[in-house]
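Here is a briefing on a two-chain model. Look over the sequence and structure first, then read on.

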Amino acid sequence: MLVLTRKLGESITIGDDVKVTIIEIKGKQVKVGIEAPQQTTVHREEIYQRILEENRMAALISPVHLKKVGDFWKRTKKP
Amino acid sequence: MEIKTTRFGDVEIDENLIITLPEGILGFEDFKRYIILDHFDKESPFKWLQSVEDPSLAFVITDPLIFVPDYKARVPKEEVKSIEPSDASKAIIVVIVNIKRDHSEITINLQGPIVINPDKKLAKQVVIKESDYSVRHIIFSRNQKETLTAEPSKYKKVAKSHSL
């Protein structure tokens, strides 16, 4: 991993069109500004990872699982 | 055309109904083309998003409004640029369903919905930023049966209006 030290207000450029700027430093929190082209998606790592995990788990569901779920559904429908 | 699926065997599908996700589903970026299949039970609020390219790849999806009527996915325009929405109000939003292995819990991913442009048959899984929505919103819990709150009548109405 490339490690760079930056001061408040300084930036890093990645490739031709991505720029990351340190906007605020407050205790343990750092606020960064990201300028990137529209087609570049930027996510907080943990949200991205969580959705990835959910997708991977969801892909393992079999019709048997869903059948059981369907039974729950029917039971709720007819009280 | 006929497609092979590991869950449902060979399935005859209408090619015109194939939905393309140019960026794939997060974690499954290699597969772009899917078809929505009914679950065996037509009354079920759940459907399958089956990959046309990989027989073993399928997700259970549902209309989030059935379970969370006030669900609003605020999706920035640039996020869905690749699916060319001409009319945002026409977009169909579905969410991926997860079922705990012991069947004790069913959850839906409200933070990573799939936005479908029905006119162009294009779709994208988007990540909702700054949101209170969970990736694991519980819609059914065995310990708490009343969690599954949606009324079937409401479901039918919503499903119809979304022509899912």
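Leaving aside its neighbours within four places in sequence, which residues is A:Ile51 in contact with? They are B:Leu26, B:Asn109, B:Gln111, B:Gly112, B:Val127 and B:Val135. Two residues are in contact if their C-beta atoms, placed from the backbone, lie within 7 Å.

This is a predicted model: local features need pLDDT of at least 70, side-chain atom pairs count only at pLDDT 80 or more, and totals for chains, interfaces and linings use all residues. Residues are numbered from 1 along each chain as its sequence is written, while chains are lettered from A and ligands numbered from 1 in the order in which they are written.

**Confidence**

- The predictor gives the complex an ipTM of 0.81 and a pTM of 0.79.
- Chain A has a mean pLDDT (the predictor's confidence in each residue, from 0 to 100) of 86, and 85% of its residues score at least 70.
- Within chain A, confidence is highest in β2(A), at a mean of 96, and lowest in α2(A), at 69.
- Chain B has a mean pLDDT of 84, with 85% of its residues at 70 or more.
- Residues 151-164 of chain B have a pLDDT below 50; beyond near neighbours in sequence, this stretch has 15 contacts in the model.
- Where pLDDT is low, the predicted coordinates should not be read in detail.

**Interface**

- On chain A, 26 residues are in contact with 30 residues of chain B.
- Helices α1 (45-58) and α2 (63-77) of chain A each supply at least two residues of the side that touches chain B. Helices (H or I, at least four residues) and strands (E, at least two) are DSSP runs, numbered from the N terminus.
- That side of chain A divides into 13 nonpolar, eight polar and five charged residues. Ala, Val, Leu, Ile, Met, Phe, Trp, Tyr, Cys and Pro count as nonpolar, Asp, Glu, Lys and Arg as charged, and the others, Gly among them, as polar.
- A:Ile51 lies in helix α1 of chain A.
- A:Ile51 counts as buried because it has 23 C-beta neighbours inside 10 Å. The cut-offs, with C-beta atoms placed from the backbone, are 20 or more other C-beta atoms within 10 Å for buried, 12 or fewer for exposed, and in between for partly exposed.
- A:Ile51 and A:Pro37 are 14 residues apart in sequence and 23 Å apart in space, C-alpha to C-alpha.

**Nonpolar core**

- The largest nonpolar core has 40 residues. Such a core is a set of buried Ala, Val, Leu, Ile, Met, Phe, Trp, Tyr and Cys residues joined through C-beta atoms within 7 Å.
- B:Phe59, B:Val60, B:Ile61, B:Val97 and B:Ala123 have the most contacts inside this core.
- Strand β7 (residues 92-99) of chain B gives the most to the core, with five residues.
- Beyond its neighbours within four places in sequence, B:Val60 is in contact with A:Ala58, A:Ile61 and A:Leu66, among others.

**Sheets**

- In chain A, three strands form an open antiparallel sheet in the order β1-β2-β3. Two strands pair if DSSP finds at least two bridges between them.
- The edge strands are β1 (11-14) and β3 (29-35) of chain A, each pairing on one side only.
- Seven bridges join β2 (residues 18-26) of chain A to β3(A), where A:Ile34 stands opposite A:Val20.
- In chain B, β3 (residues 19-20) and β4 (residues 33-38) pair antiparallel over two bridges; B:Tyr34 is the bridge partner of B:Ile19.
- Five bridges join β4(B) to the antiparallel β5 (residues 46-51) of chain B, where B:Gln50 is the bridge partner of B:Ile35.
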